[in-house]
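Please walk me through how this protein chain is put together.

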Amino acid sequence: MKDIFCKIIDGEIPSTKVYEDDDVLAILDISQTTKGHTLVMPKKHCGNILDCPQELMHKVFDVAQRIGQAEMLVFGAAGVNILTNAGECAGQSVPHFHVHVIPRYLGIDPGFQITMKPQDTSGMDLPRIAQQISENIK
Ligand code: 5GP
């Protein structure tokens, strides 16, 4: 079954388009966390960033960067969150790779709210953790 973003890309469901080229579509997020909240996605289906071919992923992030720059310029945003969720337990609700571009405005929005609670690392073998990741980078 097609995911909702594939249906939007195929024109079966309406969306508010921000940008389009042969490979990438950007639309306003229906939830508008802040004014201008945009989703940038590959037209070709990829489940999330981890299974997206590198060249296509770069194109998506290139567009996300340019949209962030435009939002700073046109809306006077003070900052921008550019982020992607991969996997349900990481907060991904639509199984089609997309990058959120969320402008942030001084004084009028609650700001960045992702949970990154620091934990006590005293019992953790940080060099070993780094080594395990490092050895498995392909
Ligand atoms: P995720 O939770 O997967 O990182 O983000 C999915 C995003 O897609 C959410 O912010 C949600 O508001 C947005 N979304 C879900 N359905 C639609 C839709 O039909 N149209 C648009 N424009 N955005 C959608």
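Strand E5 is covered on both of its faces: Val99, Val101 and Pro103 are buried on one side, and His100, Ile102 and Arg104 are buried on the other. Because 6 of the 6 residues of E5 are buried, the strand is largely enclosed by the rest of the structure. The model shown here is a predicted one.

E5 belongs to an open sheet of 5 strands, ordered E1-E2-E3-E5-E4, with antiparallel pairing. E1 and E4 are the edge strands, each pairing on one side only. From one strand to the next, the twist averages 15°. On one flank of E5, the antiparallel pairing with E3 is made by 3 bridges. Within this pairing, Thr38 has Val101 of E5 as its bridge partner, and Leu39 stands opposite His100. E4 also pairs with E5 in the antiparallel sense, here over 5 bridges. In that pairing, Asn81 is found opposite Ile102 of E5.

The sheet is one part of a chain that has 3 helices and 5 strands. Following the sequence, these elements come in the pattern α-β-β-β-α-β-β-α. The C-alpha trace spans about 50 × 40 × 25 Å along its principal axes. The chain has 138 residues, of which 34% count as buried. Among contacts between residues at least 6 apart in sequence, 53% join residues at least 24 apart.

H2 lies across E1, E2, E3, E4 and E5, and runs at about 160° to E3. The helix comprises the 22 residues 54-75, which at 1.5 Å a residue should span 32 Å; its end C-alpha atoms are 31 Å apart, so the two values agree. Its buried residues are Leu56, Met57, Val60, Val63, Ala64, Ile67, Gly68 and Glu71. These residues lie on the same side of H2 because they cover an arc of only 145° around the axis. What covers them includes strands E1 (17-20), E2 (24-28), E3 (38-42), E4 (79-83) and E5 (99-104). Gln54, Glu55 and Leu73, on the other side of H2, are exposed. Just after the helix, Gly76 has a positive phi of about 65°.

Which residues have the most contacts inside the largest nonpolar core? They are Val40, Cys52, Val60, Ile67, Phe97 and Val99, in a core of 14 residues. At least two residues of this core come from each of E2, H2 and E5. H2 gives the largest share, with 6 residues. Apart from this core there is another, of 7 residues, including Phe5, Leu25, Ile27 and Leu39.

Val40 sits in strand E3 and has a relative accessible area of 0%, so it counts as buried. Neighbours within four places in sequence left aside, Val40 is in contact with Val24, Leu25, Ala26, Val60, Val63, Ala64, Ile67, Phe97, His98, Val99 and Val101. One of these contacts is with Val63; the C-alpha atoms of Val40 and Val63 are 7.2 Å apart, although the two are 23 residues apart along the chain.

Phe97 is the other member to follow. With neighbours within four places in sequence again left aside, its contacts are Val40, Met41, Pro42, Cys46, Gly47, Asn48, Ile49, Cys52, Met57, Val60, Phe61 and Thr84. Among them, Met57 and Val60 are also listed with the buried residues of H2.

Gln32 lies in the loop between E2 and E3. This residue has a positive phi of about 45°, although it is not a glycine. Is Gln32 buried or partly exposed? Its relative accessibility is 30%, so Gln32 counts as partly exposed.

Notes:
Residues are numbered from 1 along each chain as its sequence is written. This is a predicted model: local features need pLDDT of at least 70, side-chain atom pairs count only at pLDDT 80 or more; totals for chains, interfaces and linings use all residues. Side-chain values use heavy atoms; hydrogens and water are left out. Helices (H or I, at least four residues) and strands (E, at least two) are DSSP runs, numbered from the N terminus. The expected span of a helix is 1.5 Å times one less than its number of residues. Buried means under 20% relative accessible area, exposed over 50%, partly exposed in between (1.4 Å probe, protein chains only). The arc is that of the directions from the helix axis to the C-beta atoms. Contact means heavy atoms within 4.5 Å. Two strands pair if DSSP finds at least two bridges between them. Axes are lines fitted to C-alpha atoms, for helices over the stretch in contact, and angles run from 0 to 180 degrees between N-to-C directions. A nonpolar core is a set of buried Ala, Val, Leu, Ile, Met, Phe, Trp, Tyr and Cys residues joined through side-chain atoms within 4.5 Å.
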